[in-house]
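Subject: Structure handover

Hello,

I am passing on the structure we spoke about. Please open it alongside this message; my notes follow below.

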Amino acid sequence: MANRFHHKNMRWRVRVGDKSFNPMKLITFPGWRQWLKSLLPMLVLVSFMAVLLADELKPAIAQLPRQEIRGVWMTNNDFNTLRDRAKVQEAVKNLQRLNFNTIYPVVWNSGYAMYPSATAQRAGIQPFVSRGLDGQDILADVINQAHRQGLLVIPWFEFGFMAPPTSELALNHPEWLTQKRNGSETSISAAGEVVWLNPFHPQVQQLISNLVLEIVTQYDADGIQFDDHMSLPHEFGYDKYTVALYTQETKNNPPADPQDPAWVKWRADKITAFMVQLNQAVKARKPNAIFSVSPNYYDFAYKFHLQDWLAWLRQDIIDELIVQVYRPNFQSFIANIGRSEIQEAQQKIPTGIGIMAGLRNNPVPIRQIQSQVRATQERGLGVAFFYYESLWDAAPETVAERQDGFKRLFPYPVVRAKI
C-alpha cells in the first residue's frame, strides 16, 4: 500500500503544482512561497488519509452482517407438514432454495405444547405428547433440518395467555383465568371463543416462564417469539386477584371504564414488568437467544390489548420486531408500515412486517404479496409470511408460479447472523 500511496501522492502534487496554484497570480502576495511550503504537509496528510480510507472502508462495510428478515410461520395448519420428516425436509429445502432465512414453528397453541413438555405434564394440562409420524420430536427435527440448510429457527409461542375454554389448562386451573367486569371469562378471537390466563397472577407467570425456558434450554433454537396474544384484551382484569392487587397498590377500586387511561397503563406496565423478567431469564440461560416479538401496530396493541411493545423496545428487551400488517388494501398497508414506531425500531433492531400469504378459505394472489413485499423492501424492512402452506400449496396460482414469484422477490440469499 505504501508504494501505491507514494505514486498517487506524487501525481497529486504535480496536479497541485500545475493547476491549483498559478505563480503569476500570487506574485504580488508577499511570502506566498513560504505560505505554500507550510500548506503542503497538511495537504499531503489529507491525501494520505483519503487513500487510507479508500483502501480500508470498503472491506469493513462489506463485512457487516445483513439482518434482513425473510421468514415464515409454521402453524397448526401446517401440522401435517411438521409431523412428517420427509415433508419437513422438502419444506426446508424449498425455503432455502427460494432464499428465505428464518422459520417460526409453533410450539404453544390452544393451551398445549407442541413438543415433549415436562412442564405441561407437571401442571396437569397435557395428558399427551405431540410427536411425529416416526415418533420423532417435531421441534428438534425442524431445528436440525433447518440448521443444515443455514436457516434460523425461532420457536413461536403463539397463544400466549390465550386458551380455549375446553382445554385442560382452563378446566384444571380456573383460578388462573381473568374476567370482564360483568363476570364473563370469554372473548371471541380469530381462533374462536377463548379464555385468558391472568398475566398478573404469579402462578401463570411461572407456568409461562417454565415453558419458555424449557424450549430455550432443551433445544438448539435460535430464540423465542411472542405474538399479539402475549397480552390481555382491555375488557379483562376484573377478577378477584387483580382487583385486590390493584386496590392494594392504588388504594382505589379498578375504574368501571376498561379504557380508563390509568387503569390501562397499570395493567400494561404489569405485563411489561413480566416481559422484562422473562427476557432476563431467557438471556441468563442462553445469552444469544433472539427475543422476538410479533405484535399488532402499536396504537391497537396498547389501547386494546395492553401490550406496550414500544416500552419493551425502549427498555432493550426486544432483539427482533415483526409487526403484523394483514391488510389486503394497499393504501392501508402502506400507511401501517410507515408508522413512526416501526421507523424507531428499525434504528435499533432487525425489523420486519408480517404479511398475509393466504388462508385456506381466503387465498391471496401472488401479485398482492409481491406489491406488499416490495413496499417493505423499499423501506428497508424485512418480511415474515403467515403461513407456510399458503405460500404455494393453498394458493390461487400453481406451485411453480408461486415459487417463481417468491424467487423474484428474493433473487439472492441473505444469511442472518446470530446475535
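Predicted model: local features only at pLDDT ≥ 70, side-chain atom pairs only at ≥ 80, totals over all residues.

The chain overall

The protein chain has 18 helices and 16 strands. It contains 419 residues, and 51% of them count as buried. Contacts between residues at least 6 apart in sequence were also sorted by separation: 77% of them join residues at least 24 apart. The accessible surface of the chain is about 20,000 Å², and carbon and sulfur atoms account for 53% of that.

Is Phe-226 buried or exposed? Phe-226 counts as buried because its relative accessibility is 0%, and the cut-off for buried is under 20%. Leaving aside residues up to four places away in sequence, Phe-226 touches Phe-157, Val-212, Met-275, Leu-278, Phe-291, Ser-292, Val-293 and Ser-294. Along the chain, Phe-226 and Trp-108 are 118 residues apart, and their C-alpha atoms are separated by 10.0 Å.

Helices H9 and H11

Two packed helices are described by the angle between their axes and the distance between the axes. Helix H9 spans residues 202-218 and helix H11 spans residues 261-285; their axes come within 10 Å and cross at roughly 30°. H9 is therefore roughly parallel to H11, since angles under 35 degrees are counted that way. The crossing of H9 and H11 is right-handed.

Trp-73 in strand E1

Trp-73 sits in strand E1, residues 70-74. With a relative accessible area of 1%, Trp-73 is buried. Trp-73 and Glu-389 are 316 residues apart in sequence, while the C-alpha to C-alpha distance between them is 9.4 Å.

Backbone points to look at

- The peptide bond from Phe-386 to Tyr-387 is cis, with omega near 10°. Tyr-387 belongs to the loop between strand E16 (382-386) and helix H17 (389-392).
- Asn-99 has a phi near 70°, which is a positive value in a residue other than glycine. Asn-99 is in the loop between helix H5 (85-97) and strand E2 (102-105). Although it is in a loop, Asn-99 is buried, at a relative accessible area of 7%.
- Ser-110 is not a glycine either, and its phi is positive at about 60°. The loop that holds Ser-110 runs between strand E3 (108-109) and strand E4 (112-113). Ser-110 is partly exposed, with a relative accessible area of 22%.

Regards

Terms used. Residues numbered from 1 in each chain as written. Heavy atoms only, no water. Axes fitted to C-alpha atoms, helices over the stretch in contact; angles between N-to-C directions. Helix = DSSP H or I, 4+ residues; strand = E, 2+ residues; numbered from the N terminus. Parallel < 35°, antiparallel > 145°, perpendicular 65-115°, else oblique. Left-handed = near helix turned anticlockwise from the far one by under 90°. Buried < 20%, exposed > 50% of the residue type's maximum accessible area, 1.4 Å probe, protein only. Contact = heavy atoms within 4.5 Å. Areas by Shrake-Rupley, 256 points an atom, 1.4 Å probe, with all protein chains shown as cover.
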